[in-house]
Amino acid sequence: MSAPFLLLSTRPEDEAAQAEYDSFLSMMELERDQLHHIRVEKAPLPPIDLKRYSGLILGGGPFNSTSTEKSDLQVRVESELSALIRTIADQDYPLFAACYGIGLFGLALGGTVDRTYGEAPGCIELRITEEGAADPILAGMPETFTSIVGHTEACSELPPNSTVLITGQACPTQMYRVGTNLYVTQFHPELEVETFAQRLRIYRDNGYYPPNEYQRIVDEAIAADLTVDNRLLLNFRRRYER
């Protein structure tokens, strides 16, 4: 691979940002020089030459697009990333975004994001749609599998030119595609039990779950089969690496 992928992250916590980078590195089976990393919350987003990269990855984060009061930092991050998403969508450029990306896509591309379909942190069963089964990013995956969620907001109305690829019971839109090459998941295919437990600990007081539920949620994840969901990240890497 001569062109690396680029991870854009928005997590202010150093520990969480590093763990997210390491998770994508591991799940996509990349070397460090094959995955560049820009922390958008640290400084204004520099100009990005998309031709230098095989594709972009947008991680999750503690921001909520539906917040009524937003810090100057969140306003900047959302403005810069929304502009980039519109550029990427116009070019149908390869992008994978997890969780917070749903909110950003809604902001940037005309979907509706609200708190109708929030889900407490935990493991849920997901189902691949007929359209998803035909998508190369989901090649080799079973019709149903388990993954990790945890979000207060979700997409209730898709942006134009979108296709639902994976659904869930409590939150019907768990993965969709915009155009041909832009993918967004509500769930976290990059997480394993250890990194999920770490993230739960870091955001223990952010209102995602009652802190006294920590061990129960971790035990549930330990008992779950989380060996399937990360395949889509490896498929994304193999489809777009160049």
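Q: What share of the 242 residues is buried?
A: Buried residues make up 56% of the 242. Buried means under 20% relative accessible area, exposed over 50%, and partly exposed in between (1.4 Å probe, protein chains only).

Q: What kind of model is it, and how are residues numbered?
A: This is a predicted model: local features need pLDDT of at least 70, side-chain atom pairs count only at pLDDT 80 or more, and totals for chains, interfaces and linings use all residues. Residues are numbered from 1 along each chain as its sequence is written, and side-chain values use heavy atoms, with hydrogens and water left out.

Q: How many helices and strands does the protein have?
A: Seven helices and 11 strands. These are DSSP runs numbered from the N terminus: helices are H or I with at least four residues, strands E with at least two.

Q: And how compact is the protein?
A: As compact as a globular protein of that length, because its radius of gyration is 16 Å, close to the 18 Å from the globule rule for 242 residues. The radius is taken over C-alpha atoms, and the rule is 2.2 Å times the number of residues to the power 0.38.

Q: In what sense do strands 9 and 10 pair, parallel or antiparallel?
A: Antiparallel, over four bridges. Ile166 has Met175 of strand 10 as its bridge partner.

Q: Switching to the core. Which residues touch the most other members of the largest one?
A: Leu35, Phe96, Ile166, Met175 and Leu232, out of 30 residues. A nonpolar core is a set of buried Ala, Val, Leu, Ile, Met, Phe, Trp, Tyr and Cys residues joined through side-chain atoms within 4.5 Å. A second, separate core has 28 residues, including Tyr53 and Leu84.

Q: What does Met175 touch?
A: Its contacts (heavy atoms within 4.5 Å) include Ile137, Tyr183, Phe187 and Leu232, not counting residues up to four places away in sequence.

Q: Where is Cys99, and what is its phi?
A: Cys99 sits in the loop between strand 4 and helix 3 (100–109). Its phi is near 60 degrees, a positive value in a residue other than glycine. Most residues other than glycine have a negative phi.

Q: Why does Cys99 count as buried?
A: Because its relative accessible area is 13%.

Q: How far is Gly122 from Cys99?
A: They are 14 Å apart in space, C-alpha to C-alpha, and 23 residues apart in sequence. Gly122 is in strand 6 (residues 119–128), and it counts as buried at 5% relative accessibility.

Methods. Pairing = 2+ DSSP bridges.
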